[in-house]
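Hi there,

Here is the structure I promised to pass on. Have a look at it first, and then read on for some notes on what turned up.

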Amino acid sequence: MHSHLIIMIFEKEEEAPRVYDALQQMRGSPLLGLENTVVVTKDGHGNLAVAQRRELSPTGVVQHHDLTSLTIALLFGEPPDDMLQSLARKGFDVRFREQVVRAMANHSSALIILMSQDSQVDRGQLLSILKLFKGKVYETTLPQEVEAALAKGWEA
């Protein structure tokens with residue numbers, strides 16, 4: 001099994017929080033996959049702020065919350081090169097990480113959604129909805145081996 005990682009980057013700091021709020025209002029139909037969503041903003045000095053937006057799933061359980069936090073640290077932290085190489089061997093797309101980091105310019109924001117493979121969310125429908133908001137979408141998967149390594153504290 002694996003998780004889907006969807007990142008939508010916006011040119012303005014206020015956009016990702018605004019899009020998250022808009023998605024919340026659109027939730028009349030099936031769950032949009034927001035139970036493991038993080039909003040990241042980058043100010044004019046390059047400082048990142050993370051706002052976790054955890055919600056209950058239809059079963060009443062918050063899922064993947066630790067994996068979400070670890071994934072954010074992997075993307076926007078400064079993991080050691082040997083750890084990145086180890087995760088790459090396990091299937092993590094290091095180039096994806098580099099693209100996302102480069103795309104997060106000063107005064108930008110990102111909406112980050114981590115969806116487990118067994119999620120009841122239609123990923124295609126979610127992506128179609130996200131594209132309405134005119135941000136740049138990046139998508140990858142986190143193989144089970146990468147998830148397990150992150151859960152162990154990034155051990156090689």
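Predicted model: local features only at pLDDT ≥ 70, side-chain atom pairs only at ≥ 80, totals over all residues.

Residues are numbered from 1 along each chain as its sequence is written, and side-chain values use heavy atoms, with hydrogens and water left out.

Salt bridges

The structure holds 2 salt bridges, each being a side-chain nitrogen of Lys or Arg within 4 Å of a carboxyl oxygen of Asp or Glu. In one of them, R18 pairs with E15, and their closest N and O atoms are 2.6 Å apart. Both residues sit in helix α1 (residues 15-25), 3 residues apart, so about one helical turn separates them. Helices (H or I, at least four residues) and strands (E, at least two) are DSSP runs, numbered from the N terminus. E15 is buried, with a relative accessible area of 18%.

E139 forms a salt bridge with R123, with 2.3 Å between the closest N and O atoms. This pair links distant parts of the chain, as E139 is in strand β5 and R123 in helix α5, 16 residues apart. E139 is partly exposed at 32% relative accessible area, and R123 is partly exposed too, at 31%.

Helix α4

Helix α4 covers residues 94-103, and its buried residues are F96, R97 and V100. Seen down the axis of α4, these fall within an arc of 100°, so they line one face of the helix; the arc is that of the directions from the helix axis to the C-beta atoms. The face turned away from the buried side carries the exposed residues R95 and R102. At the N-terminal end, D93 caps α4, with a side-chain oxygen 3.1 Å from the backbone nitrogen of R95.

Two loop residues

H107, in the loop between α4 and β4 (109-116), has a positive phi of about 70° although it is not a glycine. H107 is partly exposed, at 44% relative accessible area. K134 lies in the loop between α5 (123-131) and β5 (136-143), and its phi is positive as well, near 65°. K134 counts as exposed, at 74% relative accessibility.

Enjoy exploring!

Technical notes
Buried < 20%, exposed > 50% of the residue type's maximum accessible area, 1.4 Å probe, protein only. Polar contact = N/O pair within 3.5 Å; in protein donor to acceptor, adjacent residues only side chain to side chain.
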